[in-house]
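Here is a friendly tour of a two-part question: what lines the open spaces, and what holds the surroundings together? Have the viewer ready and follow along.

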Amino acid sequence: MRYIAAKTADEAAGLLVDEPGLARILAGGTDLLVQLKSGLVEPDLVVDIKNIPGIRDVTPENGGFRIGAAVSAAELGEHKGVLALWPGVVEGVELIGSTQVQGRATMVGNLCNGSPAGDAVPGLVAANATVRITGPGGSRDCPVLDIPAGPGKTTLAKGEIITSVFLPARPENASDAYLRFIPRTEMDIGVASAGVSLELAADGAISAARVALGAVAPKVLLVADAATAIVGSKLEDGALAALAKACEAACNPIDDKRGTIEFRTRTAGVLARRAALIAYQRAGGSK
Amino acid sequence: MKSIHVTTTVNGEPAEFICTPDETLLDVLRNRLGLTGSKEGCGTGDCGACSVTVNGRLVCSCLVLGAEAEGAEITTIEGMASGEALHPLQRHFIESAALQCGICTPGILVAAKALLEQNPDPSDSEIRYWLAGNLCRCTGYDKIINAVKSAAAEMRSN
Ligand SMILES: Cc1cc2nc3c(=O)[nH]c(=O)nc-3n(C[C@H](O)[C@H](O)[C@H](O)COP(=O)(O)OP(=O)(O)OC[C@H]3O[C@@H](n4cnc5c(N)ncnc54)[C@H](O)[C@@H]3O)c2cc1C
Ligand code: FES
Ligand code: FES
């Protein structure tokens with residue numbers, strides 16, 4: 001194995017493209033190092049991206065924020081602007097691991113590791129976040145939803161690296177929330193999770209919604225029917241029941257000792273309902 | 001595997017070492033720099049026995065490559081006491097009997113110090129959440145939490 005700390009994104013992309021063997025990008029390393037040690041991956045080349053200028057910066061852009069791919073969870077959690085605009089995204093990222101893991105883990109690493117249970121991902125999908133990608137063919141933007149391709153897999157081509165995540169601007173009465181279920185209170189893998197982002201009209205009715213579910217399918221789900229179920233409502237009981245039902249209908253989870261299919265499916269609906277209520281309150285809707 | 005030459009700072013002192021690309025910072029500290037205070041409990045980020053700070057951030061040194069230490073500032077448990085004078089956290093861990101075998105203790109001390117630097121008066125639940133990534137198999141957590149609290153109180157009064 002060779003280790004190279006790339007000085008630019010283009011250099012990193014070039015190194016990855018030219019590597020005939022197995023290559024891996026290193027961000028926080030909290031997934032990659034565990035995989036290296038267990039022998040799950042044996043890369044010929046590891047390209048550290050943390051020294052690329054700007055890749056650890058959070059920058060305001062068009063009323064939203066551009067977050068460098070190597071910004072750690074701890075750094076993101078300390079950013080008051082991002083926390084105020086997208087609290088649901090930040091709370092998902094802050095659920096990842098312990099204080100020590102937070103010091104290193106990145107949300108892009110969480111996304112690119114490809115776990116269906118990645119805690120950063122549903123919040124980003126609900127937020128309609130996009131990533132900026134540098135690759136051999138130049139630069140492109142892509143919705144976060146289109147990056148996962150199934151457990152451990154992404155749609156990124158050889159040589160492509162994500163350099164930043166963009167969280168867009170949002171109107172005044174809008175907010176989001178993320179909830180997950182784990183058997184413990186800390187340091188565990190989600191059994192089901194939900195991210196909900198809402199915009200409210202002046203009268204408090206929901207004017208736009210995005211509902212994303214984690215850990216209940218081979219990759220994150222954006223559930224359009226769940227959004228439809230609550231748009232126009234003020235989260236009355238009927239709308240919440242329809243939301244949960246739409247979420248349950250979308251689930252296609254695994255069955256294992258941590259959660260049966262029935263349990264994961266029910267829980268996803270319950271979490272979506274609760275996350276919607278939290279997002280609604282944060283957006284200024286009263287209930 | 002080609003060796004890498006790394007120049008870094010450990011506990012305020014310049015340090016240099018040679019390591020292989022797959023060697024972790026924990027391995028480097030213990031095997032190349034002779035700093036065996038940081039322990040390996042799991043090697044996978046779960047136990048916190050290897051806790052150090054890198055550029056002021058608390059991390060698991062078992063999940064950092066030695067090569068990543070280039071140009072960084074590292075602090076370890078060995079940098080905690082000043083000469084013979086123990087850090088208040090160290091003293092209170094002894095006085096409160098907050099350790100038995102001691103394997104988890106260096107990591108917990110390094111983590112608790114990082115907590116008190118940003119929050120001098122943490123609540124019980126803030127301490128428990130902050131230390132959730134530090135596992136202890138013998139002492140029981142109450143004594144550890146109490147030791148952190150009494151050290152914090154002493155540090156606030158100074
Ligand atoms: C003790 C412990 C507890 C954990 N708890 C949780 C948890 O509660 N929830 C959770 O979701 N995860 C958890 N994790 C997993 C892990 O911490 C997260 O997935 C983390 O966000 C990964 O980020 P990273 O920067 O460390 O990724 P890395 O390990 O650096 O990278 C992960 C993968 O993504 C690729 N990659 C990284 N950056 C890029 C990029 N910019 N462009 C393209 N590809 C890239 C890498 O090549 C690698 O394949 C835990 C891990 C540990 C060790
Ligand atoms: S040895 Fe590093 S966390 Fe256990
Ligand atoms: S004192 Fe033995 S593990 Fe904590």
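## The second largest pocket

The second largest pocket has a lining of 34 residues, and Ala74(A), Glu78(A), Thr99(A), Gln118(B) and Trp130(B) lie nearest its centre. About 860 Å³ of space lies in this pocket. Pockets and cavities are found on a 1 Å grid over the protein atoms alone: a cavity is a set of points where a 1.4 Å probe fits but cannot get out, a pocket is an open set with protein on both sides within 12 Å along at least five of seven lines, and lining residues have an atom within 4 Å of a point. Grid points are joined across faces, edges and corners, and a volume is the space filled by probe spheres set on the points.

Both chains contribute to the lining: at least two residues each come from helix H3 (73–77), helix H5 (87–94) and H6 of chain A, and from strand E4 (57–60), strand E5 (73–75), helix H3 (105–118) and helix H4 (124–130) of chain B. H3(B) gives the largest share, 6 residues. Helices (H or I, at least four residues) and strands (E, at least two) are DSSP runs, numbered from the N terminus.

## Reading the model

This is a predicted model, in which local features need pLDDT of at least 70 and side-chain atom pairs count only at pLDDT 80 or more, while totals for chains, interfaces and linings use all residues. Residues are numbered from 1 along each chain as its sequence is written, chains are lettered from A and ligands numbered from 1 in the order in which they are written, and side-chain values use heavy atoms, with hydrogens and water left out.

## Buried pieces of chain A

H5(A) is largely enclosed by the rest of the structure, because 6 of its 8 residues are buried. Buried means under 20% relative accessible area, exposed over 50%, and partly exposed in between (1.4 Å probe, protein chains only). The buried residues of H5(A) are Pro87(A), Gly88(A), Val89(A), Val90(A), Gly92(A) and Val93(A).

Thr106(A) sits in the loop between helix H6 (99–102) and helix H7 (107–113) of chain A, and at 5% relative accessibility this residue counts as buried. Leaving out residues up to four places away in sequence, Thr106(A) touches Ala27(A), Gly28(A), Ala69(A), Ala70(A) and Val71(A), where contact means heavy atoms within 4.5 Å. Another threonine, Thr265(A), belongs to helix H11 (residues 261–282) of chain A and is buried at 15% relative accessibility.

## A cavity in chain A

How many cavities of 30 Å³ or more are counted? The count comes to 1. The largest cavity holds about 70 Å³ of space, and its lining includes Asn110(A), Leu111(A), Pro148(A) and Lys219(A).

## Helix H2 of chain B and its surface

In H2(B), the buried residues are Pro88(B), Leu89(B), Gln90(B), His92(B) and Phe93(B). They pack against H3 and helix H5 (141–157) of chain B.

Ile94(B) also lies in helix H2 (residues 88–95) of chain B, yet it counts as exposed at 55% relative accessibility. Together with Leu86(B) and Leu99(B), Ile94(B) forms a nonpolar surface patch with about 250 Å² of accessible area. Accessible areas come from the Shrake-Rupley method with a 1.4 Å probe, and for residues only the protein chains shown count as cover. Patches are made of residues with over 30% relative accessible area and no salt bridge, like charges being joined within 9 Å and nonpolar side chains (Val, Leu, Ile, Met, Phe, Trp, Tyr) within 5 Å.

## Salt bridges

Over all chains there are 20 salt bridges, each a side-chain nitrogen of Lys or Arg within 4 Å of a carboxyl oxygen of Asp or Glu. Asp48(A), Lys50(A), Arg104(A) and Glu68(B) are linked in a salt-bridge network.

Asp188(A) and Arg258(A) meet in a salt bridge at 3.1 Å, N to O. This pair links distant parts of the chain, 70 residues apart. In chain B, Asp121(B) forms a salt bridge with Arg156(B), their closest N and O atoms being 3.1 Å apart. Here the partners are 35 residues apart, with Asp121(B) in the loop between H3 and H4 of chain B and Arg156(B) in helix H5 of chain B.
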